Amino acid sequence: MNKVSFVNSRRSRWRLILTILALAIGRPELATAHPMPNSVVLLNVHANRIDAELQIPLVELQSAWGHAVNDSSAGLVARLGPQLREYLKTHIRPQSPDGRFWNVTVGKLTVHESQNPINGVYRELTAQVQMLPPVRQSGQGEDVRQFTFYYDVVLHQVMTHKILVSIRQDWVRGQLAESEPVQVGEISLDIVNNRILPLSVNLASGSFWTGFTAMVNLGIQHIADGTDHLLFLLVLLLPAMLQVTGGPGQRFAWGRFGGVRYSLKQLLLIVTAFTIGHSITLLAGSLGWVRLPSQPVEILIAVSILVSAIHAVRPIFPGREAWISAGFGLIHGLAFASSLANLQLDAGPMALSILGFNLGIELMQLFIILLTIPWLMLLSRTQAYGLVRLTGALLAAIAAIAWVVERITGQPNSLTQGIELVSPYAPYGLGVLAILALLLTWRTNRVRQLQEF
């Protein structure tokens, strides 16, 4: 052991002794005045490998490694990257049940800083690590779902340190990166035996069906939370039941209700076109064939709502609603694809994920449309529908402009914050729409009966 390691080891022992004494004499504030930050290991489980993200506090790493990584964190990766990777690799040793160790590769290293209310500036190292099990005689790798995790980064010197190990993504078990990580264990010093106990990882088996249904649920949730996606489609459907008046040399305008058959045909064309459009770019974006920055995509989605709102006021592309729906569907599909691309799945799971995610989107869209369209069709038979249509279009246009401003500036505004507050109450708005449709339909029928009488 070199001099630095010896000093750090002694310092860690004294720190542990002082902590125990503080708790023993009833002075817990002495033990908690400077809480020890823990390391975090997040595991992404694949079919033939495990990708891990290590989150290590630099103040603890400095005590264990002996280099001034916390006091001088600027340019740390450029300055000590190779040595740091070698250090990490030495202290990460997954082992298969047959006793063979896995191959470990340390990739990208980054340093993050944040303000800690207790200790001031908190600095953390994030390391991307790939852990590959050994190959058996059959040519296949060992089972990645069962292994012994020998990991003592920092802990080999700082005995009060703890490592929290969690599963961030396990597709076959339905665990996705969007949800909260599931902790599988903790690695710390066994004070009684004075040794570090490895973590035995034994993950329950999963199935492709579990992963598929998880992606269906993710698609459903994505649309349920995607106020802008649903608003675009609903505003485009607002005038779909109405016929267009005017022609060459005349201004187009929305006319009367076109009938049930006409309305259903228009609705089917618009919804199908939107589905085809977003399915194309969802597939292309998820596979990495098409990739655009998220900001222009989000701005264009807001613009699509604004265009649909203007069309709901006065026809600007009469008879071509399906083409417009498909065109803007291409933009919306790129936003959908970003959710899948971030999962970094293997080929098989990715194919099923695209199918399941798209199915979830369609199911939720269909559910919302089936709940909304009957009331719009009833209202479109009444004289009050013009006011309902204009009010809906105006509100959608205001929301779209607010989103455009927010997505260009990167700063939320009072309108978008208000939309976030109001959107959870959308089901109540649907109830109001249903009551309004029934009352106005009853009133219209009543007036017609009186006139005939």
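How many nonpolar, polar and charged residues are in the lining of the largest pocket? The lining has 27 nonpolar, seven polar and one charged residues. Here Ala, Val, Leu, Ile, Met, Phe, Trp, Tyr, Cys and Pro count as nonpolar, Asp, Glu, Lys and Arg as charged, and the others, Gly among them, as polar.

## Basis of the model

The model is predicted: local features need pLDDT of at least 70, side-chain atom pairs count only at pLDDT 80 or more, and totals for chains, interfaces and linings use all residues. Residues are numbered from 1 along each chain as its sequence is written, and side-chain values use heavy atoms, leaving out hydrogens and water.

## The largest pocket

A pocket is an open set of points on a 1 Å grid over the protein atoms alone, where a 1.4 Å probe fits, with protein on both sides within 12 Å along at least five of seven lines; lining residues have an atom within 4 Å of a point. The largest pocket holds about 1400 Å³ of space, a volume being the space filled by probe spheres set on the points, which are joined across faces, edges and corners.

Its lining consists of 35 residues, and Leu231, Leu234, Ala426, Gly429 and Leu430 lie nearest the centre. Among the elements that give two or more residues to this lining are helix 6 (227–237), helix 10 (347–379), helix 11 (385–409) and helix 13 (426–452). Helix 11 gives the most, with eight residues. Helices (H or I, at least four residues) and strands (E, at least two) are DSSP runs, numbered from the N terminus.

## The second largest pocket

The second largest pocket holds about 540 Å³. It is lined by 18 residues, with Arg381, Thr382, Gln383, Ala384 and Thr444 nearest its centre. Strand 13 (253–257), helix 11 and helix 13 each give two or more residues to this lining, and helix 13 gives the most, with six. By class, the lining has six nonpolar, seven polar and five charged residues.

## Helix 10 and helix 13

Helix 10 and helix 13 pack at about 30 degrees, with their axes 9 Å apart. Axes are lines fitted to C-alpha atoms, for helices over the stretch in contact, and angles run from 0 to 180 degrees between N-to-C directions. The two helices are therefore roughly parallel (an angle under 35 degrees).

Residues in contact (heavy atoms within 4.5 Å) include Trp375 of helix 10 and Leu433 of helix 13. The contact has twelve nonpolar, two polar and no charged residues.

Technical notes:
Parallel < 35°, antiparallel > 145°, perpendicular 65-115°, else oblique.
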